[in-house]
Amino acid sequence: MAVGVLALQGSFNEHIAGTPLLLLLLSLNQYIHSLLVHIMDIIELNSLSLSLSLSLSPALRRLGVKGVEIRKPEQLQSVTSLIIPGGESTTMAKLAEYHNLFPALREFVKMGKPVWGTCAGLIFLANKATGQKSGGQELIGGLDCTVHRNFFGSQIQSFEAEIPVPQIADKEGGPPTFRAVFIRAPAILEVGPEVVVLADIPVSSNKAVDPNPALESTEGSTGSGEKVIVAVKQGNLLATAFHPELTTDTRWHSYFLKMVDEVGEGASSSICAVGGEFQKSRTDLPVYQ
C-alpha cells in the first residue's frame, strides 16, 4: 500500500518517516515556518516550494506503510489515499494554486478516495473557513463543516490536551483518551448532518477567541459549558485539528489506513504499532485547561 502525503510545506515528513528528536526542534521548526510565512506574503512565489520539516515521529513507517510525497497533479494517480499535513494553510494554498493542484485534489476527493487532513489539512478540506487572512484562500472542500482558521491563537499558545476518543479506542484499542498536540490550531464550529464527530475539547471561560454562537453547549464540562469539535469523519474524509504525527501514538494513522481498506483500496486490517504495543507520547507543552 502507498499513501500519498501532500508535500508542499509543513509536517509532511513527520507523517512519512522520522526519528524522535528533542521537543526544542519542533519549536524551532514552527518558529522558522512563521517567519517564512511573513516573507512569502511580500515576495513572488515563482518556483519556490518550501519544506522545513524536522522528523519527530515515524508515523506511517512504524505501521509498515510506504508514504509517497505528492507535489504535482499527475503524482496523485500513483496513490489510493492522501494525507494533507499541517503547516501554514495560506502558504500551502498559494503553492497548490501555483502547481495547479486544486482541480486534481478536488477530483481525488470526489472519486471517494480516503483523504485525511491534519490542522491546515482540515482547513483545506472544509467547505467553509472563517478567520482567514485578507483575501481568503482557496479550499478543496468536500467536508461539510465550518472551520475557524486560528481558533486557539498563535504559535505561543500551542498546547497539548488529553481528549476522549471513544470511537478510536473502540476500533484501535489503547486508552480511551489521546494526548493531542495543537499548534496554532483551527477548530470546527459547525458540522453537517452526515459528519461524524470523533473528538471535541472544552473551551475555557477565559479563552480569547472570536465569539461564535456555533459553539456546542454542554453541561458540566467547563465553567463556560462550551466545546469545539477537533476531529471528524465524513465518508472518505477524515480531519483532525491536531497533529497525531507528532506523537508516538499511531492509532489515528491506523484508523485512516483502515478507511482505505473499507473502500476496497488496500488491506490494512492487521496494522499494529511496532512491537505490538501501544506507546503514549509525553512532552512538555502546556496542557490546555
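Predicted model: local features only at pLDDT ≥ 70, side-chain atom pairs only at ≥ 80, totals over all residues.
**Entry 1: Ile163 and its contacts**

Skipping neighbours within four places in sequence, I found Ile163 in contact with Pro176, Thr177, Phe178, Ala180, Ala199, Asp200, Ile201, Val230 and Phe242. I then looked up the largest nonpolar core, which has 70 residues. Ile163 is among the residues with the most contacts inside that core, along with Phe152, Phe182 and Trp252.

Is Asp200 buried or exposed? I got a relative accessible area of 17% for Asp200, and the cut-off for buried is under 20%, so Asp200 counts as buried. Next I checked for a partner. The side chain of Asp200 meets that of Lys227 in a salt bridge, 3.7 Å from N to O. Lys227 sits in strand 12 (residues 226-234) and Asp200 in strand 10 (residues 196-203), so this pair ties together parts that are 27 residues apart in sequence.

As a reminder to myself, side chains of opposite charge can pair when their charged atoms come close.

- Glu69 pairs with Arg71, and their closest N and O atoms are 2.8 Å apart. Glu69 has 32% relative accessibility, so I put it down as partly exposed. Arg71, at 29%, is partly exposed as well.
- Asp249 and Arg251 form a salt bridge at 3.0 Å, N to O. Here Asp249 is buried, and so is Arg251.
- Glu88, Arg149 and Arg184 are linked in a network of salt bridges.

**Entry 2: the aromatic rings**

I searched the whole structure for aromatic pairs and got 11. One of them is Phe151 with Phe152, an edge-to-face pair with 5.0 Å centre to centre and 80° between the planes. Why edge-to-face? Planes over 60 degrees apart count that way, so the 80° between Phe151 and Phe152 puts them there. Both Phe151 and Phe152 are buried.

Which residues form one aromatic cluster with Phe151 and Phe152? I listed Phe159, Phe178, Phe182, Phe242, Trp252 and Tyr255. Some of these names were already in my notebook.

Methods
Residues numbered from 1 in each chain as written. Heavy atoms only, no water. Phe/Tyr/Trp six-rings, centres within 6.5 Å; stacked < 30°, edge-to-face > 60°. Buried < 20%, exposed > 50% of the residue type's maximum accessible area, 1.4 Å probe, protein only. Salt bridge = Lys/Arg side-chain N within 4 Å of Asp/Glu carboxyl O. Helix = DSSP H or I, 4+ residues; strand = E, 2+ residues; numbered from the N terminus. Core = buried A, V, L, I, M, F, W, Y, C linked by side-chain atoms within 4.5 Å. Contact = heavy atoms within 4.5 Å.
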